[in-house]
Amino acid sequence: MCPKPRPYLPPTPIKVPSRRNFLSGNALRFVRMAPQGTRLAEKAFSLKELTNGDSMDSTMKDPKPLSPRSAPKGGLNSEIQARIGHQLRAMYDDVVKQGVPDRFAELIRKLDAGEGPPADMEGLPQNSAGRE
Amino acid sequence: MPLTNALRDEILAAVPSLRAFAISLSGKSDRADDLVQETLLRALANIDSFQPGSNLPAWLFTILRNLFRSDYRKRRREVEDAEGSYSKTLKSQPTQSSHLEFEEFRAALEKLPQDQREALILVGASGFSYEDAAAICGCAVGTIKSRVNRARSKLSAMLYVDGTEDFGPDSTVRAVIGGSGN
């Protein structure tokens, strides 16, 4: 069974199908004939399409027309996001890779030896970071 | 908690990323190292207020960020140093980027509003979660998310105006034409 794309039929008075139809492969047929806006029916329809491995669901529901524009103006495509992320990390990691400069290792060693400066709360976190 | 050897090692281990954060924030390595030094002094002087088991890097980043915002932004406006000072401090250029591309990216990053830049760096480069970044910046998680998104949009508009072409010598021109975007 390979359903082909076809528009919904206009609402037509239909006979309530027998229970048998819901259980058989004819369910799809019923759904197609259902009046538009019947959410349950639409859902059943797309489920049916999915199980058939057919892309009709997306072709019918995707509101985007085929556009010659390659990049959406408002949003970011994933390629650009990846580039920005790559550049950002390259810049950052270049510094990280330099390791710990001697002055800081020296500083901590000195402070550790008891030559610490007086306590000063300025600049300490005012929020919950590191305190949870 | 008192400064144990383990804690001291942990602080030392955080120094490289603290420097990277400081340089990304200030754009200048000499200032950045002063900032890191000041951060370490504050942290060690107040180590008693650090809760064992909590996120040490986040605590240190918070101190650094607060110091930067309170003091270094002022000083930065007073003395703008020479162009390109940041790249000169680097021992190697990023391997997969040309020098020009790298400079352009850095310049674009500096044009971002402070709030957006720090959010983008914390999430996109330092690897903090949105939650940690929000704690570091003292704002809501949703705020961080929207700042990161706006930062990406602006960078994209400045650097990749049409979103399809590769970087090239004319991307500065394109950035100018594209303006600050959205």
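Helices are DSSP runs (H or I, at least four residues), numbered from the N terminus. H1(B) has a kink of about 40° at B:Val15, shortly before the proline B:Pro16. The bend at a residue is the angle between axes fitted to the seven residues ending there and the seven starting there. Just after H1(B), B:Gly27 takes a positive phi of about 75°.

Residues are numbered from 1 along each chain as its sequence is written, and chains are lettered from A and ligands numbered from 1 in the order written. Local features need pLDDT of at least 70, side-chain atom pairs count only at pLDDT 80 or more, and totals for chains, interfaces and linings use all residues, while side-chain values use heavy atoms, with hydrogens and water left out.

Helix H5 of chain A (residues 78-96) packs against helix H8 of chain B (residues 141-159). Their axes are 10 Å apart, at an angle of about 95°. Axes are lines fitted to C-alpha atoms, for helices over the stretch in contact, and angles run from 0 to 180 degrees between N-to-C directions. H5(A) and H8(B) are therefore roughly perpendicular (65 to 115 degrees). H5(A) contributes A:Ile80, A:Gln81 and A:Ile84 to the contact (heavy atoms within 4.5 Å). H8(B) contributes B:Arg152, B:Leu155 and B:Ser156. These residues divide into three nonpolar, two polar and one charged. Ala, Val, Leu, Ile, Met, Phe, Trp, Tyr, Cys and Pro count as nonpolar, Asp, Glu, Lys and Arg as charged, and the others, Gly among them, as polar.

The model scores ipTM 0.74 and pTM 0.60. Chain B averages a pLDDT (the predictor's confidence in each residue, from 0 to 100) of 80, and 73% of its residues score at least 70.

Chain A has a mean pLDDT of 59, and 28% of its residues reach 70 or more. Confidence in chain A is highest in H5(A), at a mean of 90, and lowest in helix H4 (residues 56-61), at 43. Over residues 20-74 of chain A the pLDDT is below 50; this stretch has 54 contacts beyond near neighbours in sequence. Where pLDDT is low, predicted coordinates should not be read in detail.

Conventions:
Helix = DSSP H or I, 4+ residues; strand = E, 2+ residues; numbered from the N terminus. Parallel < 35°, antiparallel > 145°, perpendicular 65-115°, else oblique.
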